[in-house]
Amino acid sequence: MDPYVLKTLNEERRARRAAVLVTDLGDGRDRIVREGDHVAGDLGAAIANAFRTGNSRSVDAEGRSFFLNAHLPRPRLVVIGAVHISQALAPMARIAGYPVEIIDPRTAFATPERFPDVALHAEWPEDVLKRAPLDSYTALAAVTHDPKIDDFALKAALDARCFYVGALGSRKTHAKRVERLLALGAGADQIARIHAPIGLDIGAASPAEIAVAVLAQAIHAFRSRGLEAKGAVA
Amino acid sequence: MDESIYLDEARDPLIIAEGWMKDGKDVAIATVVETWGSAPRPVGSHLVIDGEGNFHGSVSGGCVEGAVVTEAIDVIDNGKAKMLEFGVADETAWQVGLSCGGRIKVYVERLG
């Protein structure tokens, strides 16, 4: 392995950015491919698959054998709002492999009794996200209904290119939210990435069912990353 | 279940390999590049080895690490990468086979 390649790879991994290490098993040469880098042909298709699935594997392409080692940051879910939906969403997401953090400045909601075994911040999103910024391997679900709490986090999620951004509220509520986000400087194309009303349309009625719909929508967004450009996923 | 979203720098083999390199040590990196059947560690797992035989990480459940370390010293000495294969069908199975019945292929290369 090239020492510079190792150094670069570790930098990417520390910064929670995805990278695929491509090693030619014939001559031992290696290089780093970052998400969004264009690689042509069968090798490019295999690399794209490695980014999407996170699976490492050996591939034969262009008459050579390559090993693709996929280094994906661990995806996580940040929930704005320590509400009833979040109480169901936190354990479900954790079981699905997405560590959860919950942020809600309302200390009556954000109590360890209501949220055992969850990383819980009874603080304003502004303060928490300054310490632990959002990134493209983070999903954000804003479920307080309260603009004072949700709006900053939603804008931050769009700016950080979170792989999933969802906001609870009716179409009418969302229309008002869109106006506020525009005023905060968000672009219309950015705002279009927000899933609102939140969750896959499975007819969810109870808080726990809404949690299922939100989690499924976030997983779908994660597993279809990079397909948007080809129009395969809405 | 490992809940952290950040690298565990004290135990991460590639971080350790980089640290060894900075300390001026010779380093080899072993990587699981293929598995068949039940294999204890997934494709992409690393074992890193320094010139004195110290190692971190794993490529199996401890079944073949000893053999990989021996080969890695060789790779460090002559600089030529090696592809190793381990499995129950292997003739050396009694010494370094995988008791789980799987087979793995391990690529061993020198750092630098």
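Trainee: In which strand is the place of B:Met83?

Mentor: A strand is a DSSP run of E with at least two residues, a helix one of H or I with at least four, and both are numbered from the N terminus. In this predicted model, B:Met83 belongs to strand E4 of chain B, residues 82-87. Residues are numbered from 1 along each chain as its sequence is written, while chains are lettered from A and ligands numbered from 1 in the order in which they are written.

Trainee: Is B:Met83 partly exposed or buried?

Mentor: One counts other C-beta atoms, placed from the backbone, within 10 Å: 20 or more is buried, 12 or fewer exposed, and in between partly exposed. B:Met83 has 13 such atoms and is therefore partly exposed.

Trainee: Which residues is B:Met83 in contact with, leaving aside neighbours within four places in sequence?

Mentor: Contact requires C-beta atoms, placed from the backbone, within 7 Å. By that test B:Met83 meets B:Lys105 and B:Tyr107. B:Met21, 62 residues away in sequence, lies 23 Å from B:Met83, C-alpha to C-alpha.

Trainee: What pattern does chain B follow along the sequence?

Mentor: The order is α-β-β-β-α-β-α-β, from 3 helices and 5 strands. Of the 112 residues in chain B, 39% are buried.

Trainee: Which residues have the most contacts inside the largest nonpolar core?

Mentor: In soluble globular proteins, nonpolar side chains tend to be buried together. A nonpolar core is a set of buried Ala, Val, Leu, Ile, Met, Phe, Trp, Tyr and Cys residues joined through C-beta atoms within 7 Å. Here the largest has 50 residues, with A:Ile102 and A:Leu140 having the most contacts inside it. Several elements of chain A each supply at least two of its residues, including strand E5 (76-80) and helix H8 (207-223). H8(A) gives the most, 7 residues.

Trainee: How many residues does the contact take from chain A and from chain B?

Mentor: Each chain contributes to the contact: 19 residues from chain A and 19 residues from chain B. On the chain A side, helix H1 (3-14), E3 and E4 each give two or more residues, and H1(A) gives the most, with 7.

Trainee: How many bridges join E3(A) to E4(A)?

Mentor: Strands pair if DSSP finds at least two bridges between them. Strand E3 (57-61) and strand E4 (64-71) of chain A run antiparallel, joined by 5 bridges, with A:Ser58 opposite A:Phe67. They form a hairpin with 2 residues between them, and A:Glu62 in the turn has a positive phi of about 55°.

Trainee: What should helix H6 of chain A span?

Mentor: The expected span is 1.5 Å times one less than the number of residues. For the 13 residues of H6(A), 171-183, this should be 18 Å, and the end C-alpha atoms are 18 Å apart, which agrees. Just after H6(A), A:Gly185 takes a positive phi of about 105°.

Trainee: Where in chain A does pLDDT stay under 50?

Mentor: Where pLDDT is low, the predicted coordinates should not be read in detail. In chain A, pLDDT stays under 50 over residues 228-234, although the chain's mean is 94 and 96% of its residues reach 70 or more.

Terms used. Predicted model: local features only at pLDDT ≥ 70, side-chain atom pairs only at ≥ 80, totals over all residues. pLDDT = per-residue confidence, 0-100. Contact = placed C-beta atoms within 7 Å.
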